[in-house]
Amino acid sequence: MNKELLKKIILPLIVLIVIIQIWSGIAAIVEDFPTPSDTYVAAFGGINADGDEIIGVLSDPFYIENQDDKGIFWQIVSSLKRVLAGFVLAILFGVPFGLILGMSKISQYAFDPFIQIFKPISPLAWLPLLLFIFQDINMTAISTIFITSIWPIIINTALGVRSVSEDYMNVAKVLRFTNFEKIVQIILPVSVPYIFTGMRLSLGTAWLVIVAAEMLTGGIGIGFWIWDEYNNLNYHNIIIGIIIVGIIGYLLDLIMGKFANYFDYTQKGRA
Amino acid sequence: MSKKFLSLENIEKRFPIAGKDDYVAVTDINLEIKENEIVSIIGHSGCGKSTLLNMISGLDAQTEGDIVLEGKKIKGPGPDRAVVFQNHSLLPWLTVYNNIEMAVKKVIPNLSPAELRERVEKYINMVNLDHAKDKLPDEISGGMKQRVGIARALSITPKVLLMDEPFGALDSLTRANLQEHLMRIQQNVENTVIIITHDIDEAVLLSDRVIMMTNGPDATIGEILEVNLERPRNRVELQHNPEYIRCREAILSFLYEKFAKDDE
């Protein structure tokens, strides 16, 4: 086997063993803290420390007991749907707005102070207000994600537009491009890598925020599920939830990164 | 020459400075350029030679005076005055072919697909880049990029080709190579060319006339030198040609004796 590959597998495995050792240590000190083996059984099923037969969270992820009791798969799907809806809405509004902001100095002067003030507000601070407006858990979660996602998209799109070199615009002027041609043929291709950077940041933050938002709104979703398991004293499931959130966050970033590379002209034709 | 081709009449360019008098970059520029003439504008940095070119291209507007091309006053940029930029300004996400195609498509929109391809390929061939036509600008050398820039500018058959220190960013061997390209192209397709340069040999080698600018502020045309050399010109043979030596000396004396400039 390839030596590099071996390093990439063996080294993380060693770290994993260390992490599990530390985890076991914490479990030995903190009363009722789930051990790694308890957590494994809770995830994949088997016989737990008390000798009881258990169906794992991941061995039956698709079950639907009733409206309020669904398998982990459905919790994840519902969180992803909300993130995706809020994210797509943020792209639809954020990209055109960012283009305008980047192209027009006047709109930049008009809106920039507000963007600077709104940007650092935790999206969760909006949540009570949104809940009051919509009176609906789903809409509240989606709009929270929308607010989370829109700032990096607007800011990076505008940055991309402003990064268009004067030289390219001079080429466009000599060829007498219309404004529309300038946007489609020059501004967008230059901005796309920036837009995707913004989208990648947005999606990452959106996934961070959805967990907290669902803890507050309740109902369904991976965030709600983790909080619910805390209330049910199923501490091992909290750990399972945390690991799932991490893996999905990683996958989302990976997919976004692939998309970004695909549309980034600077990544093309490079060996 | 009975009819005027391109004329600059009493051109002045001022830049406003907050709280002070305007900065006068160039003033009192009067110049006539004949059709198919190759003219170099030479001067120290800061003499406003690029400003002058930008006013002819229309990318920059003069404060006073008129620039008239074939009887029409120039207002704003247009494809009849193609520009070869110093840093080539190719769009990095388009291949060599597509960069030229983009320009041709926009300026001559009625071409059939076959005519379009033929035209683009003709100009790629003119700068000997057939082998690189599907490459992206980042994949080719600086000299090749500048050749694409020239091909793109020529492909829209401008009335005037404006070159803003076109070879300034290149090493001297590549620069010589491109000068040869330009002279060869000029033999085939007659064009009116205005070249901004700070290279004396380049100015003499390429031009019919060399316009020498005084130093800014208030820069203006100091002297105009006629270069009476037969074409095609050969850079090696020229080294001992009395006319070539005379021209070189005239420019040298202008730049380093009459209008010497200290390095700031």
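Is the crossing of α2(B) and α4(B) left-handed or right-handed? The crossing is right-handed, the near helix being turned clockwise from the far one by less than a right angle. The model is predicted: local features need pLDDT of at least 70, side-chain atom pairs count only at pLDDT 80 or more, and totals for chains, interfaces and linings use all residues. Residues are numbered from 1 along each chain as its sequence is written, while chains are lettered from A and ligands numbered from 1 in the order in which they are written.

The axes of α2 (residues 96-107) and α4 (residues 142-155) of chain B come within 8 Å and cross at roughly 25 degrees. The two helices are therefore roughly parallel (an angle under 35 degrees). From α2(B), the contact draws on B:Val96, B:Asn99, B:Ile100, B:Ala103 and B:Val104, and from α4(B) on B:Val148, B:Ala151, B:Arg152 and B:Ser155; residues are in contact if their C-beta atoms, placed from the backbone, lie within 7 Å.

Chain A contains 10 helices and 4 strands, these being DSSP runs of H or I with at least four residues and of E with at least two, respectively. Their order along the sequence is α-α-β-β-β-β-α-α-α-α-α-α-α-α. The radius of gyration of chain A, taken over C-alpha atoms, is 23 Å, well over the 18 Å that the globule rule gives for 271 residues, so the chain is more spread out than a compact globule. That rule is 2.2 Å times the number of residues to the power 0.38. The C-alpha trace of chain A spans about 80 × 60 × 35 Å along its principal axes.

Technical notes:
Axes are lines fitted to C-alpha atoms, for helices over the stretch in contact, and angles run from 0 to 180 degrees between N-to-C directions. Angles under 35 degrees count as roughly parallel, over 145 as roughly antiparallel, 65 to 115 as roughly perpendicular and the rest as oblique. Two residues are in contact if their C-beta atoms, placed from the backbone, lie within 7 Å.
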